[in-house]
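Good morning, colleagues. Please bring up the structure for today's discussion, and I shall go through it with you.

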Amino acid sequence: MTSPAKRINPFIVPHFEDGYMRPLRPFEHASHADLYLAVDDSQQQFDRFTQYVRNMRLPPEAGRLIVVTGDTGCGKSALINRCVHHLADRLRTASPAMSCPIIDVTSVLDTEQELTVSDRMDIACDEIVDDLRGRRLIGPDDLTELDMIARSKGHTNRTFKAIGRCMTADQAMIVLLPRSELTAELIGYAKALRPRIFIFAESAFLDDQDIDQVVRDTEMWTTPLHLRVGQLNPGDVRLFVQKRMTDSTQRGQFPRMRDGDIDTIASRYRSIAHLQREIARTFQYRLDSGLSYRDEDWIDLADFRVANRWGATS
Amino acid sequence: MSDESRDTPFHSPFSSMAVARISDADEQTDGVDITVPTDAINEATAYVTEYFQAGRSTNSRQLNAAVILILGELGTGKTHLAGQLVRTAAELSSGSVQSVHIEANGENLLRTYQQMLDNLGLDRVRARVSDFYADIVARQLDTGLSGGVVDSLRNREVTPREVVSGHSLMESALLREVRKELQVVTQQKTFVEALALLLRPGFDDAVWSWLHGAEPAPILVERGITEQILTTIDLFEAMGVLALLFGGRERRFLLVIDEFDQIFSLARRVDDGVMTGFQKMLEVFTKAEACLVLCGQPNFLNWLGPANRNRITATVQLTGLTVDQARQFIELAQDAEFGEARLEPFTPDAVAYMVALTNGNTRQFIRMCHRLFQEHHNQVLAGDDQLITDAMVRGAARRQFGVLGSEEIDAAIREALTVGGRNYRHQHLLGSSRDTMVDFWLTFDDRQLGCALFVAGSLVSEADTAALGRRISAVQAAVPDVQCVVVVNGTLGPEQSDALRDIPRTEVTVYSARTFIDDLGALVRIAHSQLPPVAVTDQFSTMNQRMDELNRRQAAAYNLIGQLADHVDRAADQADQRLDALRREISGLRGVVRGGDDDAPTDPAQVLPAQLRRLFTEAIRALDEVTQVEPMLNQALAPDAPPKIITTVQGRVSNSDYREAIAIATLLRHVITAFRDRMVVWFTSNGLDQSTDAPPTNAESQLEDVCRSYDAVVEFLPPLDLEALVRFTRPLVDGPTPDTGRQSRHRRLLELVEALGPNVRQAARRALLTGG
C-alpha cells in the first residue's frame, strides 16, 4: 500500500519554505537553476550576460560592474543570482584552482534610515571585509591595514585598493551590493574596482539616462554592463503558473488552475513579485484551510479573493 | 446694590485689550466672542461661503478660487473677521477642509511661510502626498477583482505603503506616477523630489527641515535638492506649492494671512522680487482652486500692480462702527455675559460720543467700553447709580489716548520748543480782545512776524472746530500774515481734520508722546519758512542773531547729551540688575544640578512647562521694568547720592498718583505670583508633572476657574492705570528722558499682563492635551 502523496504548494520553491518571496539562488541551491522562466524579458538579459562573459578573458584584468535595472518586483535579484551562478561556474571552468567567494551584502543597510552615499558605501565595504575575514581569505597583516582604513569616513576606494593588493592571482571575488538609487554610488563603486572583482548592483529607480551618465562618468575606469528587466509580457503569467505547476508534479499533490482563471487574474499583475505573492498565498491558504487539496481539485477566483483579501468586487 | 451682587466677582463683558488672536478652526476662543454683523463682515462671509459651496455642488454659481482682500485700519477687526472666516469654513466643511490662519511677519517672509508650514504640520503634508499615492495605487489595483483593498485605500483605512509592501506591488513605477502627478502641482523638480521622498522612510527630518528653509541635508543634495528655500520668489513658490497640494482636485483650502501688507512694506524696500513672487502665488492659488484671504491696511491696495489687482475676487473694506452698530455690540456683549441684551449703563448719547471720540475704531471703542463699564461699577459700589455721563467718557478718553492735563501739555510743548532752540512766550495776548490770547507765541530773529500756537482738547464736533476757528480768525485778524499751529491734546475727528485744513496759514498736529518733539519741531519749521524775513540792517546784528540762535541750540544739545548720559547710566543699572538676576538663576540651576543638596530654595514654578513659566516670568519682569522702584531707591540711598536725587524721590513718593500706581503695580505683582502658584498647584494636583496618561476629567474646568478668577481680579487692577509710572519714572537727575523706552515697556506690560489669563489658559490646555 502506497502512502498518499504529500500535499505541496507548487509556488514555494525548494529550500525556501520559510519565505516564498525570496529570489532564486542557484549559486546556493543548484536545483534553482532549472526554475528560471523566460518572463519579463529576463531570458534575453541573461543571454546578453552569458555573451558578455563569453567575450571576456577569464579572469579579467580589470574588475567589472554589472548593473541590473527594472521596476520593483520584476526579478532583478533573481537575474543577478542567475548571472552570479553562471559567472562563478565559468570562472571555475576557466581556472579550476581559482577561489571565488560570493559576498552578498544586499541586506546590510537599514531600510528605515536613509544614509549618504558615502556612509552606505562604507557600511557595505565593512561588511565585505568582515565576510573575507570570516572566510579567512585575508591574512592578519592585511586585515590590520583594512581595519585601520575602515576607521576613516569615505574609505571605500582605499578598502577596495587594499583588497585588490592582497588578492592573489588565483583569487577572484563576486560582490552583490545593496539596492541603489543614485548614480553617484554606482560611479563610486566603478571607480573602486580592482582586477578580478565583479560587482553586481541593482536599482529600481535608475533609468536608462541615469545609467548612460554612469557609463559616461566611468569610461576611464570600466564600462558597466547594463541589464534591463522589463515588465510582464502577455502570456508571462500563464507561462509562470503552468511551468511552476508542471515542475512540481513530481514533488507532491496540489490543485490545479484552469486556463480561463489564469487569464482572468493575469490582467491584475504588473510584476512577477505581485503574482508570486498572491498565487503562493492563495495555494497556501487552500492548503492550510483544510479544504480539499488534491490533484483533481481546482483553485479558482474565490480562493484568490479570500486569500488576498480582495473583498467584494467593485 | 444688593449684598449678593457685591459678593459676585465682577466680570466685564468688554475685553480690556480687544485684540483678536490668530486661531485655528478647531480652537476655542477665549472669553466672549462678539460679532456685530456689519456689511463688511456679511460680504466677506458670503464670499467664503460661496467658495465652499461651489466645491460641493456643480449647480451653484462657481467660485472655484477666490482671493479676498480685507482692508482696514488698525483695530477695525481684521483679525477678528479672519478668525470668523476660518470658523465659517470649518462649519461649512464639517472640519474636513484644511484651513490655515497665520499672521504675516513683517520682518521676514520666511517666518510667515514657516508659520503656514507649521500650521499644516508634517503629518498633514505627508498625508496629502500620501493621498496622491493612495489614489494611484488604488487605480492600479482597481481591475474589478480587488474591491476590498481598493475601498480601504480610498477610505484611507490603510496606507499605500502598507498595500504596496503587502501585495509586492511595483513600488518604483507607482512612485514614478506620484512624481508625475506632483509635477502638476509644481514644475520645480526640487519640490517634487522632496515631497515624493516623504513617502519613503528615513527622509522625514531632512525634507521637513529643508522645507523650513534650512540648507539641504547631504541625502537631499545627492538627490538633486541643492538649494535652500530662501528668496522671496522661492518662498511665494513654496506657499503656492502647499496651496496646490491641499487645494485642487475638488478639495477646498483656505489660507488667511493677517497683516499681509507687512510683507510688502518690508519687501518693497529690500527685494524687488516680491511683486513677481506675489503675482505667481496668486496665479497658483487660482490654479489650486484655493481661497486666499489677505488682511492688511487700506494702502496695501495701492502697492499691488494692475495685474495683481485683476486677480482679486473681492475687496472688503472694514470701516469704523456706526452708532447703531456700537449700540448693538454693547447689547450683544452684555447679553453674552449676563444673559440680557441691555445698553445700560451706557446711554445712547454716551455711545454716540464714544463713537465720535474713537472714530468708530472697534478696538478703541471696546477698550473704552471696558474702562467705562468698570468705572461705572466702581461708582455703583460707592452708592452712585448714575448712568455713564459725557464727563466720564471724556475722562476715559483722556486716560485711554494718553491725553495730558493742561499743565502737562504745556510742559511737553515747552520741552519741544526748548529742544528746538525756539524763543517763545506763554499765554500771550496779540490784540486787544481776549480772543487773541494764544497759548504760545513764538518769535524768530530772522522773521518779521511770529507763530501763534494754540492748544485744543478733543475736536470731534462741529462746535469744537467752530470755537477754535474763531480763536484763530481773531488772531489772524489782529496780526495779518501770522502763522498758526494747533496742538490737539485728544482726538481729532476726520471731518474736523478736514475743516481745520481749510483754515489758511494753519498747521495741526495731534499730541503723541512718542513723536511730539519731532512733530512740533517740523510744524514750527514750516511756519518759520512761511513768514516774511526781516530786512537786513547790518552784518553785526545778523551775526549776533545767529550767535544767539547757535547758543540756544548748543544749550539744548548739552541738555540732550545730559539726558543721554543719564539714560546710559540707567541702562547700566538695569544691566547690573539683570546680571544679578541671571546669577541668581544660575545659582538656582546649580542647586538643581547638584540634586538640590544645598540650602537654596527650589522654585516651585519649575514644575510648569517652559512656555507657561515664561509667561509668568515675562509679566513680572515687565512690571518691574515699569515700576523701577528698586533702582530708584538704590540710587537714592546710595552713600554718595546727591541731594537733588533725594528731593526728586521725595517728590515722587509724595505724589498721590504715583503712590496709587505703585500700589496697583505691587498688587498686580502679588496677583500674578498667586496666579502662578495656583497654576503650580493645578499642574501637580492633576499629575501633569508626572506625565500621566490621562489627567482628571475636571482638570479643564479647574483651569477655567483659576483663569477666570485671575481675569476677574485684574479687572480692578488695569495696567493701563500704570501710565502715571511712565510719566514719573524719569531719571532722578534733571531733564526729560527719551520716552520711547518707557512707552514700549508700558505697551509690553499691557500685552503681557492683560493677556496673561488667555495666554495661560491656552498654554495650559496645550499641556493638558499633550499630557504635560
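Across the interface of chain A and chain B, 4 salt bridges are found; please bear in mind that this is a predicted model. One salt bridge pairs R176(B) with D71(A), their closest N and O atoms lying 2.9 Å apart. Polar contacts between chain A and chain B amount to 15 residue pairs.

Which helices of chain A each supply at least two residues of the side that touches chain B? They are helix 3 (117–134), helix 9 (259–266) and helix 10. Helix 10 of chain A gives the most, with 5 residues. Classified by residue type, the side of chain A that touches chain B holds 10 nonpolar, 14 polar and 11 charged residues.

As to extent, 35 residues of chain A are in contact with 30 residues of chain B. Between them the two chains, A and B, bury about 2,600 Å², and 51% of that area is on carbon and sulfur atoms.

Let us turn to helix 10 of chain A. Its 18 residues, 272–289, should span 26 Å at 1.5 Å a residue, and the end C-alpha atoms are 25 Å apart, which agrees. Is this helix largely enclosed or largely open? Because 14 of the 18 residues of helix 10 of chain A are buried, the helix is largely enclosed by the rest of the structure. After helix 10 of chain A comes G290(A), with a positive phi near 85°.

Leaving aside residues up to four places away in sequence, H274(A) touches R268(A) and Y269(A) in chain A, together with L141(B), H167(B), S168(B) and L169(B) in chain B.

In one of them, D259(A) pairs with R238(A), with the closest N and O atoms 3.5 Å apart. This pair links distant parts of the chain, 21 residues apart, with D259(A) in helix 9 and R238(A) in helix 8 (residues 236–248) of chain A. D259(A) is partly exposed at 33% relative accessibility, and R238(A) is partly exposed at 30%.

R294(A) forms a salt bridge with E296(A) at 3.5 Å, N to O, and another with D297(A) at 3.2 Å. R294(A) is partly exposed, with a relative accessible area of 39%, whereas D297(A) is buried, at 10%. Elsewhere, salt bridges with shared partners join E114(A), E181(A), R200(B), E222(B) and R223(B) into one network.

Technical notes: Residues numbered from 1 in each chain as written. Chains lettered and ligands numbered in written order. Predicted model: local features only at pLDDT ≥ 70, side-chain atom pairs only at ≥ 80, totals over all residues. Heavy atoms only, no water. Helix = DSSP H or I, 4+ residues; strand = E, 2+ residues; numbered from the N terminus. Expected span 1.5 Å × (residues − 1). Buried < 20%, exposed > 50% of the residue type's maximum accessible area, 1.4 Å probe, protein only. Contact = heavy atoms within 4.5 Å. Buried area = accessible area lost by both parts, 1.4 Å probe. Salt bridge = Lys/Arg side-chain N within 4 Å of Asp/Glu carboxyl O. Polar contact = N/O pair within 3.5 Å; in protein donor to acceptor, adjacent residues only side chain to side chain. Nonpolar A, V, L, I, M, F, W, Y, C, P; charged D, E, K, R; others polar.
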